Amino acid sequence: MNKKMKMTALLLVGLMSLSTMVGCSTDKAAQEGESTANGKQESTSDATNSDEPVNLVWWTIGNEPKDYQMVSDAINEYTKEKLNVTVTFKYASWGDYGKKLSNIVQSGEAYDIAFGSSISGYADLANKGYFADLKDLLPTVTPDLNAFIPEELWRGVTTNGQIFGVPAFKDSAQAQYWVWDKELVEKLGIDVSQIHTLQELEPALRKIKENDPTQYPLILAGSEGINGFMPAICNFDTLATGVAVKYDDASATVVVPWEDPDLMENLKIIHKWFNEGLINPDAATLTEAPKYRAVYAAQGFPHAWENATDYPRADNHFFGPAYSTGTIQGSFLAISAASQHVEESLKLIELVNTDSYLRNLLAYGIEGEHYNKVGDNSIEKISDRYDVPAYTQGTFFNMYTVAPAPETMWTDLQQQQEEAFASPALGFVANTQPVQNQIAACSNIIDKYQPSLMTGSMNPEEVIPKMMGELEKAGIRDIVNEIQAQLDAYLGK
């Protein structure tokens, strides 16, 4: 993996170096991609201006930005010259997108590209043949895209030997951080760089409590408890309700995490903290954590909290980066199996991922209208009239950074991704249909006990045996056996 990603890094350096010469130019020739002696990009399109451009429909998540038409016109001027392609973007709100995409796909409504994620029912739709298989097209139609994205990411969007999406190469491997009130830990002399485990976190929590006995150092909310508890604290890649594999288990044995002795020890620590007043007493029923917390866990990447405006934060990395099917499927682009323009759609996705000018136009809008440059690869936003979720569009690694984050943020993230390890179940998506009744029953049981366990509100040594007894009766072993058989088949065992 490291060799491939180092080759990728070299490709990106070249692309981004080129983009600094032409990516933000308002000169029409630069935007049209004419080949000149001063290094402006050469058009990759074989089409002539006399050809009627192909218009692609691209469904995405979020609300349509106020300046959609302005930015869309600029995008289409560029993509028409480069590929003889234009794009119509269609938006569905955050809460409705998963259902909307499913309805669009299954109703036969015409579209070409759609944002996909684990929340949008991708695996089920892919298994039913609604998305185009890209496996044979990638190396021939878009070889630069094929080489740019690491093999692990392609595995993460492969089902039944077929590739049904283009993953966004970004923070695709999960990294977990402790995030702190920077001024507080500096005042108390807490060296956060040395804190990784719960045991190492405890002295810091006590020092924060001693500084202000009226406050709770670790504020938790609901069933999640500490963010990333299952993967980052307990090393589990969850495959289906109630079952998982350990990240470091080469045998890929499916287990019930609640039976794991390490998980029990971690829950006992959290329960002790709860009894000692280090955790808020309403943790099990709190639905949303407050904006200010002295310390909390979060998924992130280098410099992720440097743009915080409410209070300054310090952070330290304590888990990962780790690839799993879920982390990779957090953002990808699928192409409709019914599209009349599969190759054109794939070429457009390639251009987004390899052309800095187009990538930043999609992500940030138009220079002078929506942002200003403050460095070679750094901007400040000056308008909210074009506000879109850039993570849904493609890679981060040919994008500008937003000040005050450093210009090295994306290169630092890419370097972090080079260190990623993978779940032994990478690429596997469970078919829960054969055990849907057992999963429904077990899910209800877990939901009943998990908030109290994850927040320390109840003694795990008393609750887990009771919960496991109910899970056994509800068919947890059926789930284990079914998912193990599917995983073994996937791995070719």
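Two strands pair if DSSP finds at least two bridges between them. That criterion applies to several stops on this tour of a predicted model.

**Whole chain**

Start with the whole chain in cartoon view. Its secondary structure comes to 19 helices and 16 strands. Colour by accessibility, and buried residues account for 56% of the 493 residues. Among contacts between residues at least 6 apart in sequence, 75% join residues at least 24 apart.

Select residues 113-116, which form strand β3. Ile 113 and Phe 115 point one way from the strand, Ala 114 and Gly 116 point the other way, and all are buried. In a regular strand the side chains alternate between the two faces of the sheet.

Show Trp 59, which stands opposite Ala 114 of β3.

Move to residues 236-240, strand β8, which pairs with β9 in the antiparallel sense over 4 bridges. Strand β9 covers residues 243-246. To see one of the pairings, pick Phe 236, whose bridge partner in β9 is Lys 246.

Between the strands of this hairpin lie 2 residues, and Gly 242 takes a positive phi near 80°. Now show the side chains of β9: Val 243 and Val 245 lie on one side, Ala 244 and Lys 246 on the other. These four residues are buried, so both faces of β9 are covered.

**Helices α10 and α12**

Select residues 198-211 (α10) and 261-275 (α12), which pack at an angle of about 10° with their axes 11 Å apart. The two helices are therefore roughly parallel to each other. From α10, show Leu 198, Gln 199, Leu 201, Glu 202, Leu 205 and Arg 206; they meet Asn 266, Ile 269, Ile 270, Lys 272 and Trp 273 of α12. By class, this contact of α10 with α12 has 6 nonpolar, 2 polar and 3 charged residues.

**Helices α14 and α15**

Go on to residues 342-354 (α14) and 356-364 (α15), where the packing angle is about 90° and the axes are 6 Å apart. That is why α14 and α15 count as roughly perpendicular to each other. Leu 348, Leu 351, Val 352 and Thr 354 of α14 make the contact with Ser 356, Leu 358, Arg 359 and Leu 362 of α15. The residues of the contact of α14 with α15 comprise 5 nonpolar, 2 polar and 1 charged.

**Helices α17 and α18**

Select residues 436-454 (α17) and 460-474 (α18), which pack at an angle of about 170° with axes 9 Å apart. This makes α17 roughly antiparallel to α18. On the α17 side the contact residues include Ala 441, Cys 442, Ile 445 and Tyr 449, and on the α18 side they include Val 463, Ile 464, Met 467 and Leu 471. The contact of α17 with α18 divides into 12 nonpolar, 1 polar and 3 charged residues.

**Cysteines**

Keep Cys 442 selected: at 0% relative accessibility, it counts as buried. Then select Cys 234, which is also buried, with a relative accessible area of 1%. How many disulfides does the structure hold? It holds 0.

How values were computed: Residues numbered from 1 in each chain as written. Predicted model: local features only at pLDDT ≥ 70, side-chain atom pairs only at ≥ 80, totals over all residues. Heavy atoms only, no water. Disulfide = S-S within 2.5 Å. Buried < 20%, exposed > 50% of the residue type's maximum accessible area, 1.4 Å probe, protein only. Axes fitted to C-alpha atoms, helices over the stretch in contact; angles between N-to-C directions. Parallel < 35°, antiparallel > 145°, perpendicular 65-115°, else oblique. Contact = heavy atoms within 4.5 Å. Nonpolar A, V, L, I, M, F, W, Y, C, P; charged D, E, K, R; others polar.
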